Amino acid sequence: HAADQAARAASLVAEPRMGGAAASAALLDLAGNGVACVTADVSISRSSNGASETVTATVSCTVDRSQLAPLAPGAHQVTARSTEVIANYNAAPVGD
């Protein structure tokens with residue numbers, strides 16, 4: 001879900017703000033759902049197929065599983081990806 005929120009947030013802003021918007025949305029979603037990441041990483045990538053552009057958000061969260069020992073000791077990294085079409089109406093108009 002955090003990756004979905006990150007991709008959606010990035011798709012709604014201009015390119016220079018995509019990374020920050022994605023990170024903020026993902027971290028808010030993780031915290032709001034009670035997920036305590038030891039480390040969290042959010043990255044975005046853009047692509048184009050000619051007709052449309054998309055942004056893909058990748059969210060990685062390292063979870064401490066020490067309280068589950070001996071069943072699942074140590075840390076575990078969980079990664080999710082989500083892609084959204086970039087909202088072209090956010091681009092500045094060209095000319096009059």
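I looked for disulfides (cysteine sulfur pairs within 2.5 Å) and found that the structure holds one. This is a predicted model, where local features need pLDDT of at least 70 and side-chain atom pairs count only at pLDDT 80 or more, while totals for chains, interfaces and linings use all residues. Residues are numbered from 1 along each chain as its sequence is written, and side-chain values use heavy atoms, with hydrogens and water left out.

Entry on the link. I have Cys37 joined to Cys61, S to S 2.0 Å. The torsion about the S-S bond is -110°, left-handed. Cys37 sits in strand S1 and Cys61 in strand S2, 24 residues apart. Helices (H or I, at least four residues) and strands (E, at least two) are DSSP runs, numbered from the N terminus.

Entry on exposure. I use buried for under 20% relative accessible area, exposed for over 50% and partly exposed in between (1.4 Å probe, protein chains only). Cys37 has 23% relative accessibility, so it counts as partly exposed. Cys61, at 6%, counts as buried.

Entry on H1. Why is H1 largely enclosed by the rest of the structure? Seven of its ten residues (2-11) are buried. Its cover includes helix H2 (18-32) and strands S1 (37-48), S2 (53-64) and S3 (75-85).

Entry on the core. A nonpolar core is a set of buried Ala, Val, Leu, Ile, Met, Phe, Trp, Tyr and Cys residues joined through side-chain atoms within 4.5 Å. The largest has 14 residues, and those touching the most other members include Ala6, Met18 and Val55. H1 gives the most to this core, five residues.

Terms used: Contact means heavy atoms within 4.5 Å.
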